[in-house]
Each structure stands twice: as structure tokens, then as C-alpha cells.
Amino acid sequence: MSEQDIAIDVRNAVKRFGAVTALAGVSLTIRDNEFFTLLGPSGCGKTTLLRLIAGFEEITEGEILLYGEDIGTLPPNRRPINTVFQHYALFPHMTVAENVAFGMRRLGWSKADIEDQTGRILDLVKLGDLAARRPAQLSGGQQQRVALARAMAPRPKVLLLDEPLSALDLKLRQAMRIELKQIQEETGITFVFVTHDQEEALTMSDRIAVMSAGEIRQVGTPHEIYEAPNDRFVADFIGETNVLDVTVQRGPDGAWHSRLPNGAVFPCEAAGTPPQDGAAAHVLIRPERLSLVPEAESNSGLTGVVDQIVYLGTDIQYGVRLDEGPDVLVRAQNVGSDTTSFRNGDRVGLAIAPGGARLLVD
Amino acid sequence: MAGELASTRAVSRTFAPVRTPLLIPTWVIIGFFLVAPVLMMLAYSFLTKEFRGGVIWEFSLAAYDQFIFDRGLFGDEPPQIEWTYIVIFVRSIIQAAVATLLCLIIGFPTAYFIATRSPATRSMWLFLVTVPYWVNLLIRTVSMKFLIRDNGPLNEALMGLGVIGEPIALINTDFAVQLGLFYSYLPFMVLPIYASVERYDFALSEAAADLYANRWTILYKVILPIVWPGIVAGCILVFVPSLGAFLAPDLLGGAKNFLIGSLIEEQFKGNAGNWPFGAAASMILLSLVLIALFIYARRQARRSAQAA
Ligand SMILES: Nc1ncnc2c1ncn2[C@@H]1O[C@H](COP(=O)(O)OP(=O)(O)OP(=O)(O)O)[C@@H](O)[C@H]1O
Ligand SMILES: [Mg+2]
């Protein structure tokens with residue numbers, strides 16, 4: 001990739017606060033025009049990484065490049081990068097229009113250009129009629145839009161968003177997800193989006209970096225992250241997953257198989273370096289890749305007893321206590337009353353959808 | 001939602017009930033110690049003076065007449081404007097304004113510094129600011145006089161360092177008075193500004209920096225407008241007592257350049273002994289201050305009405 005294709009290149013970034021290591025050597029490339037998401041549990045260093053890119057914190061080690069140029073030593077006001085803050089940080093003494101114009105004024109845009117752009121951006125976030133209000137006279141969702149408009153107005157090369165939707169209620173959050181994604185596509189600005197909500201990350205992102213304890217565990221498209229997690233942490237963090245202890249076994253056709261303690265064998269996928277034959281390993285299976293079948297029809301050799309049925313509306317989730325092994329979750333689409341033909345205490349077998357089992361060696 | 005933003009919203013009056021009986025002590029104290037003395041002064045200013053202090057209960061406008069008009073030594077010449085007292089007032093206003101400015105220049109950075117320390121050390125800094133106030137104002141002013149006199153420690157030190165060859169004449173100058181007032185009232189500037197900077201959300205400074213503002217622009221466009229009420233409060237709290245102060249002008253300025261405070265003090269204590277005139281001067285001073293505050297409040301109200 002050429003320099004123009006890489007918006008942000010983080011090389012081995014380390015950030016320490018005294019004795020606390022918030023980032024322990026992070027390397028990332030964020031592409032031009034990309035909707036890139038940093039996803040991870042609370043305290044994993046997402047905000048710290050964002051603040052390093054914005055320039056609010058000084059990097060301890062490593063470097064950050066913006067379109068090939070080292071910006072590590074530039075103060076925030078000299079970086080063509082803008083931020084949407086988690087609590088918005090709108091200027092309370094200015095109107096919505098003044099808030100939006102703030103960045104453009106500092107950049108010395110002409111009055112006419114500022115007026116033009118303010119109008120255009122406020123229309124884009126659907127706040128055209130509230131331009132004269134003060135932030136205190138707006139709802140949470142409207143404040144969020146002002147924060148977005150204010151950060152986008154000066155046409156930054158990269159927009160950083162730190163959990164911008166976390167203060168909104170569920171309905172508004174879902175609507176804003178779609179809007180944000182549309183706005184990103186329309187404007188072509190590179191978005192770096194921070195969240196600890198995996199659903200948000202999956203629905204909006206072009207690519208996701210999953211972080212934990214100051215490190216990046218995996219970078220990939222939502223599909224890759226969900227379908228082919230690198231390790232157990234990623235698998236656990238993105239959606240629910242069942243983990244079984246197995247022994248690796250090479251099938252007669254050369255494909256990978258897992259052998260359960262009870263001797264049952266089923267085929268599975270393996271990523272990266274294939275584990276050794278006979279090695280102890282884990283197998284990961286998503287709940288929706290499992291289905292309940294009469295005990296005799298199990299294609300996996302997994303059998304057990306239904307001990308929990310949770311109604312989720314669109315889905316029904318069963319908890320199954322395996323005869324040998326842990327409890328597993330099975331999720332079935334709610335297609336009608338006959339799908340609930342399994343009851344608490346029924347003996348069942350589990351069928352694994354093709355490609356649904358994934359082998360991992362820690 | 002962002003708590004900072006929510007808290008800037010006006011809280012509905014319904015949720016701030018104050019029960020009248022609880023307010024009785026407040027009303028009594030305000031009535032007894034604030035309203036009554038002012039009414040007494042107002043009454044005295046319209047009475048006839050008794051020689052060697054005191055008043056005769058007889059209505060008279062003589063005190064105000066004396067303030068404004070010069071009718072010659074025996075009061076029989078055609079009236080001319082009396083400039084003496086007007087000059088004293090103008091001089092006092094300038095002195096108080098300079099002292100307020102000094103307090104602001106030193107007080108704002110001090111307050112900002114304290115408000116940006118860690119919460120644990122803030123109270124120590126605040127305590128340090130108020131420590132001089134544990135000593136009586138008179139004693140503090142006298143020690144200031146001692147410090148800055150011609151062969152006092154300040155001049156000796158400067159000469160010892162070779163900065164100056166001769167002692168600088170500080171004592172008995174306007175500057176000494178301004179310095180004394182500044183020293184007397186600095187905490188009145190620091191504390192209200194501290195209170196508003198402490199409530200300031202520093203994420204706003206980050207947001208401004210993110211939007212290409214440099215340090216000065218952040219200060220002028222974001223911090224100052226938001227902490228403005230604290231600055232105004234501090235300026236009022238310093239300016240008003242400076243205007244009527246008499247200790248610093250007397251002790252540090254010599255009796256050379258008379259200020260309002262000394263003028264009024266003279267009427268009640270000194271040989272001049274003219275109570276109605278002292279009361280009239282006080283009422284004029286009070287009216288000027290009230291009118292200024294009223295105009296300011298009106299302008300603020302109009303501005304926020306425009307914004308809404
Ligand atoms: N100024 C600071 N001083 C000391 N430690 C800090 C500071 N800022 C962050 N940390 C620590 O660095 C780590 C990462 O913090 P960070 O705010 O980046 O987490 P996060 O991933 O954004 O979490 P959240 O989802 O809760 O916002 C945490 O352990 C935090 O305690
Ligand atoms: Mg965070």
C-alpha cells in the first residue's frame with residue numbers, strides 16, 4: 001500500500017502513566033476512508049490510544065504517522081484530526097452554530113466559507129433549525145449530533161470518536177449507528193471509532209481491532225473477527241461462544257478433527273499453524289451453529305440434557321448440560337411454536353453446522 | 001448524559017424551596033446590621049451638624065451642598081462647583097481600580113494554579129492563601145509599611161543585590177497605596193475565581209485544542225467566558241472595599257493624597273467632626289456603587305435574554 005492509502009500508522013506505541021502501562025506496544029495501520037473500530041473491555045487502553053493519536057497524551061515509546069508524516073511531537077491543535085468526545089464537551093457559552101464554526105474560525109476560513117459549511121454540516125446531522133440554541137437547551141441525542149458536526153466541519157483527515165453513542169438510549173443508539181455509517185460513507189473521512197459494545201462494532205465497521213490489557217489481539221473485518229477469532233479472548237468477547245476441551249486428530253482424508261473424551265470425533269476448522277496430531281486443544285462453537293436433534297441423530301457425538309430454555313424473542317436459547325464436558329448454549333431461530341418441542345429435562349443430541357467448529361491451541 | 005451539561009441547566013424553582021421560618025434569623029441580622037445602619041446614615045446626612053461631632057435633629061441639605069458647591073469661607077459668595085471632594089472621589093476610584101487590576105493579574109493565575117492541583121493539595125493551597133488573614137488588617141498594613149520604607153528590608157535587599165544604588169521611594173506614594181490595597185484584598189479575588197475555575201470542565205480546553213485553538217485562544221475564547229462570573233464577583237469584592245478603605249491610604253500613602261475612606265473617617269473621628277457631611281459622602285459613595293452594579297446587572301440580563 002502507498003502512503004496515501006494508509007491514514008494512520010501506529011508503530012509499536014507504548015504509553016505508561018507512572019507505573020501503569022496503558023498501552024504495551026501497539027501496532028496498527030488504519031486505511032484511508034476506512035471505518036475502523038477499536039473494541040475491547042473497559043480499561044484496555046482504547047481511550048489512551050485515541051488520545052495519543054489526537055495528541056492529548058505524549059507517547060512514551062514508538063511513533064504515529066499520519067499519511068506517512070510523523071505527528072508524534074505535534075500538539076493537538078496542529079494535527080488535522082478532530083475528536084468527538086464521549087461527553088461531547090460542547091462549549092456551553094456558544095450557540096450550536098458557533099460551536100460548529102469554532103474549528104473553521106481557528107483555521108482562518110473566510111466568513112462566507114464558514115457560513116456555508118456550518119449550514120451544510122448542520123443539515124447533514126439534521127440540526128438545521130437548532131443553530132441558534134445553546135447546548136444546554138438540547139437533548140442528549142442532539143448534543144451528540146452537534147459534537148459530530150463540530151468535529152467534522154473543518155474537514156479533518158481523520159475523525160476520532162470515543163464511545164460517542166454510549167450516553168444515548170438503545171433506540172437512538174441504533175438509529176445513530178446507521179446514520180454515522182452513512183455520514184462516514186458520504187464524507188469519505190476516515191473514522192476511528194472506540195466502543196466496548198461488540199454489536200456496535202460489528203454493524204458499523206469496515207475493520208475492527210480487538211484490544212485487551214493494552215495490546216491488540218486481532219485486527220480484521222467483522223466477518224473475520226466473528227467467524228475466525230484468533231484466540232479464546234476474541235471469541236469470548238465478540239458474541240457468545242462455547243468452548244470444549246478436545247484432542248486434535250487428523251482425519252483419514254487429511255482434514256482436522258476433534259476427539260471428545262467420550263471418543264466421538266467431528267470435523268473442524270483450524271487457523272494459522274495447524275496443531276500437532278494428538279495435542280490437547282480447545283474447540284470453539286457459536287451457539288447459533290449448534291442445533292438440537294434427537295439423541296440418536298447427533299453428528300458430533302455430543303449428547304446431554306436440556307436444563308434451561310430462554311425466550312429471546314427472535315431466538316430461543318437452550319442451555320444443555322453435556323454428559324461429558326461443560327454446559328453449552330444452543331441458539332435456535334424462533335420460527336413457530338413447534339420449535340419449542342424440546343423441554344426442560346429432555347435428552348438431546350447436538351448437531352454442528354458445517355464449518356461451525358473451530359480448533360484453537362493456546 | 002454529560003453531567004456538566006445537565007448542571008448548567010437552570011434548576012426549576014420548585015425544587016429549591018426555602019421555608020420562611022428558617023429565614024427569620026437571616027432577615028433579623030440583615031435588618032439589624034445592614035439596613036438599619038444604612039438608614040441611620042441616610043437620616044444623618046440630612047441633619048444639621050453639631051460642632052465636635054454629633055447631630056442636631058433639624059432637616060438640612062448643608063452636607064450635600066458642602067460636597068458639591070463652594071460658597072466661599074463665610075458661605076456668602078455665589079456658589080461655584082467644589083472640586084476638592086470630586087477629585088478625592090475620582091482619585092479613590094482610580095486607586096481602587098488599579099488595586100483591582102493588580103489583584104486580577106495576580107489572582108487569576110493563582111486561582112487557576114490552585115484549581116488545577118490535585119484535589120488533595122488544593123485545600124492546602126487555599127489555606128496558604130488565607131493565612132495572612134489570621135492577622136489583623138492594621139498589623140498587616142503596618143508591617144507592609146515597615147517592609148517598603150526607605151531603609152526597610154525590600155530596599156536593603158535590592159541595594160545589596162546591586163539592583164539599585166539608592167533606596168526607591170515607595171512609601172507615601174500612590175503605588176504604595178495600591179500595593180497595600182492589593183495585599184489587603186487579594187484573597188477576595190482568588191477565592192471566587194478559584195470556585196469557578198474548579199467547576200470548569202477541562203475537557204473543553206481539550207476540545208478547543210482539538211479544534212486548532214492555541215493556548216491564548218483557549219484562554220480568551222473558552223476559559224475566560226466560562227469563568228467570567230467568578231472574575232466579576234472577585235472584582236466587585238476587591239473594588240468595593242478598596243474604594244472605601246482608609247488604613248492603607250493613611251499608613252502607606254501618608255496623609256498626602258486624601259481618599260474617600262480617610263475623608264469619611266475624618267468626619268466621624270478627627271477634628272473636622274462633621275457627621276452629616278461624613279454621612280452624605282458615604283451615601284454618595286454607596287449610590288455610585290449601587291448604580292454601577294445595577295447597570296452591570298441590567299446589561300447581563302439583557303445579554304442572556306438575547307442569547308435565549
Ligand atoms: N491519566 C492516567 N493516569 C494513570 N492511569 C491512567 C490514566 N489514563 C488511563 N490510565 C490507565 O490506563 C488504562 C487504560 O485506560 P483507558 O482510559 O485507555 O481505557 P479504555 O479502554 O478507554 O476504558 P473504558 O472503556 O472504560 O473507557 C487503565 O488501566 C487506566 O486506569
Ligand atoms: Mg475510554
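Predicted model: local features only at pLDDT ≥ 70, side-chain atom pairs only at ≥ 80, totals over all residues.
# Salt bridges and the A–B contact

User: Which side chain does E185(A) meet in a salt bridge?

Analyst: K181(A), at 3.9 Å from N to O. Both sit in helix α5 (residues 170–187) of chain A, 4 residues apart, so about one helical turn separates them.

User: And K181(A), what's its accessibility?

Analyst: 15% relative accessibility, so K181(A) counts as buried.

User: Which residue does E227(A) pair with?

Analyst: R289(A), with the closest N and O atoms 2.9 Å apart. That pair links distant parts of the chain, 62 residues apart. E227(A) is in helix α7 (residues 222–227) of chain A, and R289(A) is in the loop between β15 (280–285) and β16 (290–293). E227(A) is partly exposed at 30%. R289(A) is partly exposed too, at 25%.

User: Which residues are linked in a network of salt bridges?

Analyst: R177(A), D197(A), E199(A) and E200(A).

User: How many salt bridges over all chains?

Analyst: The structure holds 23.

User: Switching to the interface. How many salt bridges between chain B and chain A?

Analyst: The count is 1. R51(A) meets E206(B) at 2.7 Å, N to O. This pair crosses from helix α1 of chain A to helix α9 of chain B. E206(B) is partly exposed, with a relative accessible area of 22%.

User: What about polar contacts there?

Analyst: There are 5 residue pairs in polar contact between the two chains, both residues at pLDDT 80 or more. On the chain B side, α1 (3–8), α9 (203–210) and α10 (215–244) each supply at least two residues. The largest share, 7 residues, comes from α9(B). By class, that side has 16 nonpolar, 3 polar and 5 charged residues.

User: How much area do the chains bury?

Analyst: About 2,500 Å² between them, 64% of it on carbon and sulfur atoms. The contact takes 36 residues from chain A and 24 from chain B.

User: Back to helix α1 of chain A. Why call it largely enclosed?

Analyst: Because 7 of its 9 residues (46–54) are buried. Among them are L49(A), L50(A) and I53(A). Just after α1(A), G55(A) takes a positive phi of about 100°.

User: Where is confidence lowest in chain A?

Analyst: In strand β14 (residues 269–270), at a mean of 76. Helix α2 (residues 96–106) is highest, at 94. Chain A has a mean pLDDT of 86, and 95% of its residues reach 70 or more.

Methods
Residues numbered from 1 in each chain as written. Chains lettered and ligands numbered in written order. Heavy atoms only, no water. Contact = heavy atoms within 4.5 Å. Buried area = accessible area lost by both parts, 1.4 Å probe. Salt bridge = Lys/Arg side-chain N within 4 Å of Asp/Glu carboxyl O. Polar contact = N/O pair within 3.5 Å; in protein donor to acceptor, adjacent residues only side chain to side chain. Nonpolar A, V, L, I, M, F, W, Y, C, P; charged D, E, K, R; others polar. pLDDT = per-residue confidence, 0-100. Buried < 20%, exposed > 50% of the residue type's maximum accessible area, 1.4 Å probe, protein only.
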